[in-house]
Amino acid sequence: MSLTIKDFKLLSERNYEKKPVQKGYNMRTLHADLAGKKFTEKAVSEDMKRRFTGGKGFGLKLLWDGTKPATKWDSPENEIVIAMGPVCGNTNYPGSGKSLVVSISPMTGIPIDSNVGGYFGPYLKFSGFDALELQGKAEKDTIVFIDGTEGRLAFYEAPEGLEFDTHLLAETLTHVFAKDEKSLQAVSVVSAGRGAERSPMGLLNFSLYDKRRQGIRVKQAGRGGIGTVLRDKKIRAIVVRYAGVEQDSNGAVDPAAVQRIGLKLHREIIVNDDKQCKMRKQGTGHLMEVMNDYDLLPTKNHKYGQDPRGPEIASWVWEKLFSQDLPDGCWFGCTMACAHAVDHFELETGPYKGQKVCVDGPEYETAAGVGSNLYVYDPHGILELNFYCDTYGIDTISFGTTTSFLMECWELGILNKERTDGIDLSWGNWKGAAQILHDLVEGKRFGVLACKGVKFLAEHFAKEYKADPQVMKDIALHGKGLEQSEYVSKESLAQQGGYYLTNKGPQHDEAWLIFMDMVNNRIPTFENKAEALHYFPMFRTWFGLQGLCKLPWNDVEPADNAKHKEPNKVPEHVENYCKIYTAITGEPMDSELMIAQSEKVYNFQRAFNVRLGHGRRAEDYPPYRAMGPVFEDEYLARAERYDKLMKERIGVDPVAKSVREKVAITRKWRLEQYDSLIDAVFKRRGWTSDGCPTPEHLEKIGMDIPELIAVVEARMAGKA
Amino acid sequence: MIKYLKMDDAKCVGCMNCTSACSIKYFKEDNPALSCIEVQGKGKNAFHLVSCDQECRRCVAECPTKAISVAPTGIVVINKNLCVGCLACVAVCPIEAMKWYPGGKNPFKCIACGACVKTCPKDALSIEEKEDSPASRFPFEVEARVSRKAAEGGVK
């Protein structure tokens with residue numbers, strides 16, 4: 001905390017012309033050449049805006065232009081692009097402060113995109129840029145600084161004594177780069193941590209200064225290892241400073257309409273939230289007991305979906321732990337305020353043991369991932385793992401799913417203390433999980449090995465410890481190298497598609513169809529499921545194009561939502577989004593145009609995978625644990641359900657069959673079902689049966705870009 | 001102590017002198033929509049007066065930038081330099097005393113200045129003082145609970 005700006009050696013700087021945002025756009029992006037320590041402005045063309053809209057669309061377009069078919073995650077030309085989108089930054093509509101971060105992922109080798117809150121994105125936008133590209137690698141640890149208040153860009157060398165872990169680093173940098181102690185809220189920092197230097201599952205923390213807590217808070221761009229890329233580029237942090245946010249900093253065409261629509265949702269949240277999801281009190285943690293009750297809460301590496309101990313980490317437990325009655329939005333004007341925190345939490349392990357810290361979260365994914373999935377029902381353990389993952393810059397989802405895999409390997413006898421360098425990985429031992437993290441940052445063998453992710457570990461254990469390769473493959477929950485997030489998808493074929501028929505790997509932001517499919521049986525046929533697996537991924541992609549959060553879409557609903565024909569789409573909120581887009585950009589929008597905007601970018605991303613040698617059908621299959629019971633005891637845990645299914649759907653009488661036979665019959669049938677699902681989904685999406693967008697389809701959706709067409713034609717001709 | 005505008009509905013005759021005085025003072029325009037005090041007609045010559053009681057302070061607790069604070073006199077005030085115009089305060093106000101105007105950058109509210117009091121022909125309005133209450137203390141208590149500096153004796 002004693003460092004000042006004088007301690008930071010200025011490497012290079014330049015001024016730029018500040019211009020107000022107009023209709024949600026700057027029509028300009030910023031490129032930072034890290035090796036050359038040089039900033040360049042790039043104009044955004046009308047064509048780029050029309051095809052890519054903004055946010056994730058701009059990110060992917062810039063990433064494509066900056067990289068080559070042979071680019072790997074650690075190639076110098078790989079980029080980290082942070083982009084916002086036209087709706088991002090308005091202060092009236094809840095959930096409007098998101099940044100979309102893209103990069104070629106160290107986990108998957110294809111583009112990852114991650115949606116994150118915090119003040120950085122809106123501040124960057126108001127500073128004058130629709131996106132920031134980081135390219136190349138710095139020689140020494142560097143700070144990238146964008147001063148939107150003064151119109152100045154600079155590279156600084158990280159001085160001796162500057163911390164690495166986010167909770168300290170971002171705090172220090174906030175004080176160093178703020179104009180004075182009164183303006184701390186005008187600074188936002190993007191950083192990773194020591195863990196991100198040694199593991200491919202490194203994340204980015206985006207800070208926001210909390211005036212009431214008098215300290216920084218962080219939100220995470222968690223998935224796919226972008227923090228790892230940041231540290232590989234020797235960037236310690238990116239800092240933005242922007243003072244003077246106003247109601248219309250976003251330059252809306254009709255600011256009064258933005259106010260009206262925003263206020264309508266504010267009021268809806270204030271009135272309905274307490275009766276609905278309680279986001280303002282519990283955040284996404286409100287889902288814990290719901291998932292446990294519906295047999296969907298990952299338990300012991302997704303082997304089970306519930307446990308009698310579930311209530312020990314239920315929503316009411318988190319409500320008590322979270323500090324209440326605070327405006328905990330991750331951007332101004334988000335009255336959904338789900339970014340909860342536990343204050344004055346005393347750590348029991350690791351380098352900060354005995355210190356009292358603020359833990360940002362846990363959110364549902366974290367509480368499930370490092371909680372029930374590890375059979376950890378001690379909220380303290382979950383909080384401690386949450387804190388250390390964040391400050392070390394490690395994704396809680398990938399870490400949770402990886403550690404649950406390790407614990408299952410321990411249970412199966414594949415791991416023991418000799419092989420873990422003394423760490424006990426029995427179910428529920430959160431201190432063992434924490435030790436992995438502490439060992440990782442110190443570069444100790446098992447810590448580093450354990451945090452390589454399940455795809456690597458499954459192959460490694462099969463080779464080194466002669467573990468059954470099929471079992472390893474079955475229980476390593478990943479797609480394309482990315483660990484699955486925290487819903488049990490076994491009993492919902494549509495959700496298996498929701499997870500694995502995705503561009504970037506199994507995460508929860510494309511489609512969540514479990515209730516629609518499994519609980520309410522609203523999409524019974526393959527065609528129904530395929531339609532849902534077209535509509536929802538496209539609809540949800542739209543949030544990423546605009547710089548929006550998905551949660552205010554359906555974690556609060558109008559009181560009369562149920563009267564609509566398709567309540568699961570929350571039609572009134574869809575209408576809000578169309579209106580707010582028009583109020584800001586002046587362009588027309590309706591529910592079909594939304595899908596059309598998304599389809600362009602979604603197909604571009606798929607073609608990007610193809611360009612990098614991926615994007616094939618074979619990469620879109622789940623491990624069997626995500627589809628059905630791997631083991632006999634797993635079958636028996638739901639024997640009634642599986643036996644009934646066998647009789648009614650498969651057409652086999654289970655009575656005379658052994659459990660082993662029944663596991664095999666179920667497996668064969670489920671794999672066939674999934675194959676039929678892929679056929680239906682790819683057809684609906686306009687792709688070949690191998691998962692490649694066809695040139696005709698690209699042309700139809702307005703993406704007949706010659707480079708893109710060449711990539712898919714080469715794949716279809718068998719040349720790539 | 002909390003300074004506030006006391007309103008007596010029974011004395012109000014609905015002349016709207018108060019809304020004129022208020023909107024002219026702060027917006028240079030005679031427009032009830034730009035007045036911090038609102039006169040609601042209830043029929044049969046009955047009226048209901050609405051303005052901030054300075055006591056509930058839910059807006060103070062809700063403001064993400066702490067643009068809304070409590071002055072030494074107990075009045076709830078908005079710092080326009082800090083306000084980002086999100087209107088969360090408008091949504092949480094239980095009596096709609098936090099006002100906004102379409103296209104206006106900031107919300108606005110009664111600060112018990114007394115401009116309206118002088119213009120009321122029926123003595124329905126007066127500036128008074130009242131004691132602090134659990135509600136008025138609430139935002140400060142919430143903040144004290146989470147402040148890192150307070151918890152660590154000034155050290156983070």
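In the predicted model, the contact between domain 1 and domain 2 of chain A involves 21 residues of domain 1 and 21 residues of domain 2. On the domain 1 side of this contact, at least two residues each are supplied by α16 (469-475) and β16 (478-479) of chain A. The largest share of that side, three residues, is contributed by α16(A). Classified by residue type, the side of domain 1 of chain A that touches domain 2 of chain A comprises 11 nonpolar, five polar and five charged residues. Domain 1 of chain A spans residues 273-483, and domain 2 of chain A spans residues 493-716. The centres of the two domains, taken over C-alpha atoms, are separated by 25 Å.

A helix pair of chain A was also examined. The axes of helix α19 (residues 526-546) and helix α22 (residues 591-611) of chain A come within 8 Å and cross at roughly 85°. Because crossing angles of 65 to 115 degrees count as roughly perpendicular, α19(A) and α22(A) are assigned to that class. The residues through which α19(A) makes the contact are A:P537, A:M538, A:F539, A:T541, A:W542 and A:L545. Those of α22(A) are A:M594, A:I595, A:Q597, A:S598, A:E599, A:V601 and A:Y602.

Within 10 Å of A:K18 lie 13 other C-beta atoms; since a residue counts as exposed at 12 or fewer and as buried at 20 or more, A:K18 is partly exposed. When residues up to four places away in sequence are not counted, A:K18 touches A:G128 and A:G151. A:K18 and A:D254 are 236 residues apart in sequence, and their C-alpha atoms are 22 Å apart in space.

Between the two chains, 28 residues of chain B are in contact with 35 residues of chain A. The side of chain B that touches chain A consists of 15 nonpolar, four polar and nine charged residues.

Methods:
Residues are numbered from 1 along each chain as its sequence is written. Chains are lettered from A and ligands numbered from 1 in the order in which they are written. This is a predicted model: local features need pLDDT of at least 70, side-chain atom pairs count only at pLDDT 80 or more; totals for chains, interfaces and linings use all residues. Two residues are in contact if their C-beta atoms, placed from the backbone, lie within 7 Å. Ala, Val, Leu, Ile, Met, Phe, Trp, Tyr, Cys and Pro count as nonpolar, Asp, Glu, Lys and Arg as charged, and the others, Gly among them, as polar. Domain bounds come from an automatic or database domain assignment. Helices (H or I, at least four residues) and strands (E, at least two) are DSSP runs, numbered from the N terminus. Axes are lines fitted to C-alpha atoms, for helices over the stretch in contact, and angles run from 0 to 180 degrees between N-to-C directions. Angles under 35 degrees count as roughly parallel, over 145 as roughly antiparallel, 65 to 115 as roughly perpendicular and the rest as oblique.
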